[in-house]
Amino acid sequence: MKHFITLADLPDFHQTLDLAMELKNQPTKWDAMGKGKTLGLLFFNPSLRTRLSTQKAAQNLGLPTMVMNFSQESWALEFEDGTKMSGLRSEHVKEAAAVVSQYCDMVAIRAFASLSDKEKDEAEIVLRSFAKYASVPIINMESATAHPLQALADAITIKEFQPAHKPKVVLSWAPHPKALPHAVGNSFTKMMKHMDADFIIAHPEGYALNPKITEGITCTTDQEKAMEGADFVYTKNWCSYEQYGQILRTDDEWMITPEKMQRTNDGKFMHCLPIRRNIVAADGVLDSPNALVIQQSQNRIFSAQSVLKQLLENG
């Protein structure tokens with residue numbers, strides 16, 4: 001594994017999942033592995049769980065970290081080639097990536113979608129530019145179209161709470177006052193293709209995810225029917241893909257409520273956080289013992305640690 005930008009970069013998904021579970025049981029077993037190495041964390045967007053969980057994962061491996069918030073602490077970067085840099089951007093990614101590679105042995109990056117240009121977002125310019133010009137491994141801490149560390153944490157959580165039977169897992173769109181990217185929904189869908197489960201995506205008209213990603217997956221616009229008999233309900237908002245970046249509705253008809261959860265098979269509720277209470281899901285859902293959102297956030301440590309360990313082993 002040269003870089004970890006999407007789940008497809010993993011040499012073996014199930015071995016990584018098993019490793020993450022092992023690390024959760026013995027988090028400091030390899031606490032000297034990172035000695036003499038440094039992990040750089042570059043944030044182009046805000047973070048709570050991603051920053052702290054990745055730092056904790058590195059700490060468990062004895063791997064020191066350096067953190068930079070590009071929005072506040074760095075020169076603005078230029079990513080286009082051949083540009084006459086006469087505007088506000090004073091440093092090119094070619095130099096920035098090369099310089100960071102001198103200071104760090106791995107670089108983890110978080111950079112959200114613009115939601116204004118689908119082609120540019122899907123090109124993953126920030127992640128791919130660093131991967132092109134850096135001489136060290138690049139790790140995706142959430143990009144314009146993918147959040148593979150979150151998806152790995154979600155897989156750990158499902159495996160921990162999996163019933164004796166083949167589970168039914170529902171990914172349901174939920175309302176939100178802001179336009180949000182597709183990264184979590186995309187990566188969760190790709191992750192579920194590796195899992196032995198009945199998987200269905202529920203969303204209103206106009207909110208289908210990228211059809212290339214959902215190919216072969218059952219999708220429906222009937223949320224309550226989809227939730228019938230579900231063992232896990234994963235809820236997330238995303239903006240329209242077809243009408244890219246647009247919010248087509250903000251009503252609370254698709255909010256997850258205790259009444260809707262009663263349709264499930266004593267279903268567990270999942271969300272990546274942060275979550276807007278009583279907009280995405282009602283208090284009664286989040287405060288229920290069936291809510292797994294805190295367990296998911298803890299598992300972010302071990303999804304990151306499993307990736308870091310494999311990259312360290314690669315030298």
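Biologist: Which residues do ring pairs link into a cluster?
Modeller: Heads-up: this is a predicted model, so local features need pLDDT of at least 70 and side-chain atom pairs count only at pLDDT 80 or more, while totals for chains, interfaces and linings use all residues. Residues are numbered from 1 along each chain as its sequence is written, and side-chain values use heavy atoms, with hydrogens and water left out. Rings of Phe, Tyr and Trp (its six-membered ring) pair if their centres lie within 6.5 Å; planes under 30 degrees apart count as stacked, over 60 as edge-to-face and the rest as tilted. In this model, ring pairs tie together Phe44, Phe70, Phe79 and Phe130.

Biologist: How many aromatic pairs does the count come to?
Modeller: A pair of aromatic rings is described by the distance of the centres and the angle of the planes. By the rule just given, the number of aromatic pairs comes to eight.

Biologist: What kind of aromatic pair do Phe44 and Phe130 form?
Modeller: The rings of Phe44 and Phe130 are 6.4 Å apart, centre to centre, with 65° between the planes. An angle over 60 degrees has its own name, so the pair of Phe44 and Phe130 is edge-to-face.

Biologist: How many residues apart are Phe44 and Phe130?
Modeller: Helices (H or I, at least four residues) and strands (E, at least two) are DSSP runs, numbered from the N terminus. Phe44 is in the loop between strand S1 (39–43) and helix H2 (49–60), and Phe130 is in helix H6 (residues 125–133). The pair links distant parts of the chain, and the separation is 86 residues.

Biologist: Are Phe44 and Phe130 buried or exposed?
Modeller: Buried means under 20% relative accessible area, exposed over 50%, and partly exposed in between (1.4 Å probe, protein chains only). On that scale, both Phe44 and Phe130 are buried.

Biologist: What kind of aromatic pair do Trp173 and Tyr207 form?
Modeller: Trp173 and Tyr207 are 4.4 Å apart, centre to centre, with 35° between the planes, so they count as neither stacked nor edge-to-face. Trp173 is in strand S7 and Tyr207 in the loop between S8 and H9, 34 residues apart. Trp173 is buried at 0% relative accessible area, and Tyr207 is buried at 1%. The name for the pair of Trp173 and Tyr207 is tilted.

Biologist: Which residues does Ser71 touch, leaving out those up to four places away in sequence?
Modeller: Ser71 belongs to helix H3 (residues 70–73) and is exposed, with a relative accessible area of 58%. Contact means heavy atoms within 4.5 Å. By that test, Ser71 touches Phe43 and Phe44.

Biologist: Which strands stand at the edges of the five-stranded sheet?
Modeller: Two strands pair if DSSP finds at least two bridges between them. The five strands form an open sheet with parallel pairing, in the order S9-S8-S7-S10-S11. An edge strand has a single partner, so one side is left without a neighbour in the sheet; the two are S9 (218–220) and S11 (268–270).

Biologist: Why is helix H8 largely enclosed, and how many of its residues are buried?
Modeller: Helix H8 covers residues 183–192. Its cover includes helix H1 (13–25), helix H7 (148–161), S7, S8, helix H9 (211–214) and strand S10 (232–236). H8 is largely enclosed by the rest of the structure because, of its 10 residues, the buried ones number nine.

Biologist: In S6, which residue is the bridge partner of Ala108?
Modeller: Ala108 is in S5, where Met106, Ala108 and Arg110 on one side and Val107 and Ile109 on the other are all buried. Three bridges join S5 to strand S6 (residues 138–140), and the two run parallel. The partner of Ala108 in S6 is Ile139.

Biologist: How many disulfides does a search of the whole structure find?
Modeller: A disulfide is a pair of cysteine sulfur atoms within 2.5 Å. Take Cys239, buried at 2%: the closest cysteine sulfur, in Cys272, is 14 Å away, too far for a bond. Across the whole structure, the number of disulfides found is zero.

Biologist: Which residue lies over the face of Tyr241?
Modeller: A charge sits over a ring if NZ of Lys or CZ of Arg is within 6 Å of the ring centre and within 35 degrees of the ring normal. Over Trp30, at 4.3 Å from the ring centre, lies Lys309. Over Tyr241, at 3.8 Å from the ring centre, lies Lys118.
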